[in-house]
Amino acid sequence: MTMMFPKDGDLKAGLRKADGLPAEPTADLFTPEPLEASVREELSKPAPTFWKEAMERLFKNKGAVVSLAILIILSVMAIVGPSMNEFTYREQHIPHSNLPPKISGLEWLGFNGKDVTGTDVYAERGVETNYWFGTDEFGRDVWTRVWKGTQISLFIALVAAFLDLLIGVVYGGVSAYYGGRIDNVMQRIIEILTGIPNLIVIILFILILEPGIRSIILAMIITGWVGMARVVRGQMLQLKGQEFVLASRTLGASDARLLRKHLLPNVMGPIIVTVMFTIPTAIFFEAFLSFIGLGLQAPLASLGVLIEDGYDAIRSFPYKLLIPAVVISLVMISFNLLADGLRDALDPKMRK
Amino acid sequence: MNQNILEVDNLHVSFKTRNGAVPAVRGVSFSLKKGETLAIVGESGSGKSVTAKSIMQLLPKQNTVIPEGTIRYEGKDMLKFSNKEIQSVRGSDISMVFQDPMTSLNPTMKIGKQIMEGLSRHTQLTKKQARQRAKEMLELVGIPNPETRLDAYPHQFSGGMRQRVVIAIALACNPKILIADEPTTALDVTIQAQILRLMRNLQEKMDTGIILITHDLGVVANMADRVAVMYAGEVVEQGTLDEIFYRPQHPYTLGLLRSMPNLDASRAQPLIPIPGSPPDPSALGTGCPFAARCPYTMKVCHDYNPGAVAISESQAVRCWLQDERTPPEHIPAEIKEGRRSTEEAAADAEGVTA
Amino acid sequence: MTTEANQQAAGGASGAGEDLLVVKDLKKHFRLDRKTVLKAVDGISFSIKKGETLGLVGESGCGKSTVGRTLTRIYEPTSGEVEFNGMKIGGRIDRGTKRRLNHDMQMIFQDPYSSLNPRMTVTEIVSEGLVIHNPDMKPKERDKRVHELLELVGLNKSHAGRYPHEFSGGQRQRIGIARALAVEPEFIVADEPIAALDVSIQAQIVNLLKELQKDRGLTYLFIAHDLSMVKYISDRIAVMYLGTIVELAESEALYEKPLHPYTQALLSAIPLPDPDKERTREQIILSGDVPSPTDIPSGCRFRTRCPFAMDSCAAVDPVFREVEPGRQVACHLYDPEIMAKEGRELQHQ
């Protein structure tokens, strides 16, 4: 007969012990010492709460942390930037038109006040003041306009995202929670809305209303909330059948309590992620509308308006396009990376 | 005596996680003979499934480490196999049946094609022959109208029928070993009985060695020749079916058997549960992993994890109660009794075979 | 099911003790689309006495969980009468009745992982019933009560501030039990409370449920597919197949001598954790699968898999009749009229 146990023939083989103990247990250890009953129910160590753990995971994600830092810096600049020098975003000063960027000390970086042909325009025209990002064709300070534009773009995006959130959560929540015929009707409405190409809806909307911040926001949310509503509805439907929700219902919890205590806290993660993805889309959309001339009108500045202006003069004054383009790219990449990081951090599947 | 076709020796498997390596299998050794059924029993997280998957090398490569151990199939160490060698063994010499018949079939492929896929990869059969063989396999696993069913899609089958198809696929190439990972857990009892009987009949016909992974001691009693009981990544006891059920030597095995109600037992007789919960694999100490839940824990158990000791030709246990230094009065009667009768039983068995 | 059956069911259940719950011809149908109706529960009648445990067994899809959820009013019943503690709770019910029901009838769920809200602490989970039914209770008192409840189920107050994911399956199930007990219910529907637990943990929960019943006079409806545990915990057992009860009997009697062919097959199909018995016993192995509850066979629902099926089985619905005191079966083999018509011998006198 062959042995069934290839190696572990005796107690010594396969024996494991803590470091620093004699290799062989001594005879006095063979005395009964059962554990207390209460010790058996002890939990190892307090595990972090969901949000704390999610934040920890987020901060381990380098891309997300860098993005967050960039976004904070850009937001601060969007608020304080326009008032950092004596110019305003609308003040025209024709003699100082089309000056290239010049910052003393940063000449080596290209902020040397020289135009594409290499002539120092500041010296040539005898301009004393330095325009950090240069000026446009009306002599308006680009620095001020870029940060003012960032401010307006961010404002539009945030307000649009917030309204999307509000409408989407309520619509999706009602649709999923009450279900049945209500859900059926509400879903058909969504299908109709998504069936119409949203660009057409938005363009028609803006043509009817005066172009301006308010109408752009309105145009964006008229179809924008659909995505959020779908996310919320899907999540809620899934949660509704979960046993903890049923348990709360058998305890007699009211609809409000169910929504507040059980459903909403559990859809917070996907909601936050969806909002974070909505913001860059809104910024891009605003820029796009401005670029095709349906956005804000001069002298108001948004990143889209600035890019459009800069695009016209790309050959002779590339800085006019380059600077707002860099800012909008940074904003969009950062929001997307941060949203990605949040999604990974909040996704329950990532939990071990 | 039959030769071992599979020998697993001192197998260790760990998973890499954010918080370092977590051991899932810690020094598992067992062997399988031709035509025999070895049941690996254990609770969730005991490492039984990981052991099975590491034999088939189905664990995700990027986060699995196998620091030690060998898996010898017909004498060759499978852990040293190249990808190509593994693929030639997988599905032809060793195949696997999974728990969930709903997800183990490709929903977009006709089942005839799914059976023939393995055949065309591992055998020289022509397409026509392969189809014929697929039909035979469906007939063998008891699917009515096999000819027409070959062209059906998985969703046209019920759960029990799907598991039959899965078994047909697994056995199509006449494997020497079938690894069945909880093959009936997702099925109802009456369907489970069908599938278990089918597996037994096919085993007799094809002389397949079966490794049956399960948590259900009833299924074990119905199917197994030998049993390995796993706890916290270790085989704490192994032996023949009768040894494990009638002469258990490890307190965990004993506890499992006592915590199950017997259909004959009276309702007044309370069940004896094992207190506490299974240990967290990432927080295992160096002592015996069962010490926290064991009613017979000694001082030594907290710091020293015992190795396996053979107490008969076929039974081995990892427990300090087997050590001669343990005071005899501390050894529970059930274990003492079991030990004595093991020797007698061994003597009896010798007498019968002679 | 016919009216005769209902009368019998109601009459047959009378015995010692007071009925806490009487169910007559309860139906729950789900409309899947315009053409298909899923008859999850299709006319069942039974009663449960105070302090008793009724086991409800059957395979997946037989409607046993739907029964539990309809009783606790998670689902609205399609038709039928339910009387609980003297209250009629079958059809539409008013707010006050609902409130009392939410207080007196509680549920323990199957999946210890999805039955606790991952964003709430143990205290919040266990005290939810107290907050709803006893809003004037002071937070301090409430905490004290939560600690008592945790101790009752074998946990302690150090667990109160923790979140569900820190606990093992068995511990979570005990938290679920504490939540149900917080409102001091009389009747608990336990929907497969041990199915998702490890073998070594199952006995812990079953023992806990039995102890609680002894100390607090609880009444249980214990839903399960694991017949060995059901036998151990139940006084009487109802066996369901495709939305109906096919047999109802004292648990000992049911196991000793199952009457319905389905019960016989179900019992013989459970693998016993005893190798000697497994080697010697004869298993009845049913052929085929359970038909879909959207497409129920005519006559006896079990006839497509029944080894004893006769002509009458397809034509006539079997009556759920009492064949012995306290024992009801829905099978033609025990119906003298049908058997006389078929010219066969009655199975049971």
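Modeller: Happy to! Let's start with B:Ala39, whose bridge partner in strand 8 of chain B is B:Leu212. Please keep in mind that this is a predicted model. On strand 9 of chain B, the residue standing opposite B:Ala39 is B:Val227. So much for one residue; now for the strand around it.

Strand 3 of chain B covers residues 37-41. Strand 8, residues 209-214 of chain B, runs parallel to strand 3, and five bridges join the two. Strand 9, residues 226-231 of chain B, is also parallel to strand 3, to which four bridges join it.

Next, the side chains. B:Leu38 and B:Ile40 point one way from strand 3 of chain B, while B:Thr37, B:Ala39 and B:Val41 point the other way. Whichever way they point, these residues are all buried. Because five of the five residues of strand 3 of chain B are buried, the strand is largely enclosed by the rest of the structure.

Now let's step back to the whole of chain B. Twelve helices and 13 strands make up its list of elements. Chain B has 354 residues, and 57% of them count as buried. If you take the contacts in chain B between residues at least 6 apart in sequence, 64% of them join residues at least 24 apart.

Chain B also has a neighbour to look at, chain C. Here, 44 residues of chain B are in contact with 45 residues of chain C. The size of an interface is often given as the accessible area lost when the parts come together. For chain B and chain C the buried area is about 3,800 Å², with 54% of it on carbon and sulfur atoms.

Between chain B and chain C there is one salt bridge. In a salt bridge, the side chain of B:Asp242 meets that of C:Arg279, at 2.7 Å from N to O. On the side of chain B that touches chain C, the elements giving two or more residues are helix 6 (159-171), helix 7 (189-206), helix 8 (217-223) and helix 9 (241-246) of chain B. Helix 7 of chain B provides the largest share of that side, eight residues. By kind, the residues on the side of chain B that touches chain C divide into 21 nonpolar, 15 polar and eight charged.

Notes. Residues are numbered from 1 along each chain as its sequence is written. Chains are lettered from A and ligands numbered from 1 in the order in which they are written. This is a predicted model: local features need pLDDT of at least 70, side-chain atom pairs count only at pLDDT 80 or more; totals for chains, interfaces and linings use all residues. Side-chain values use heavy atoms; hydrogens and water are left out. Buried means under 20% relative accessible area, exposed over 50%, partly exposed in between (1.4 Å probe, protein chains only). Two strands pair if DSSP finds at least two bridges between them. Contact means heavy atoms within 4.5 Å. Buried area is the accessible area (1.4 Å probe) that two parts lose on being put together, summed over both. A salt bridge is a side-chain nitrogen of Lys or Arg within 4 Å of a carboxyl oxygen of Asp or Glu. Ala, Val, Leu, Ile, Met, Phe, Trp, Tyr, Cys and Pro count as nonpolar, Asp, Glu, Lys and Arg as charged, and the others, Gly among them, as polar.
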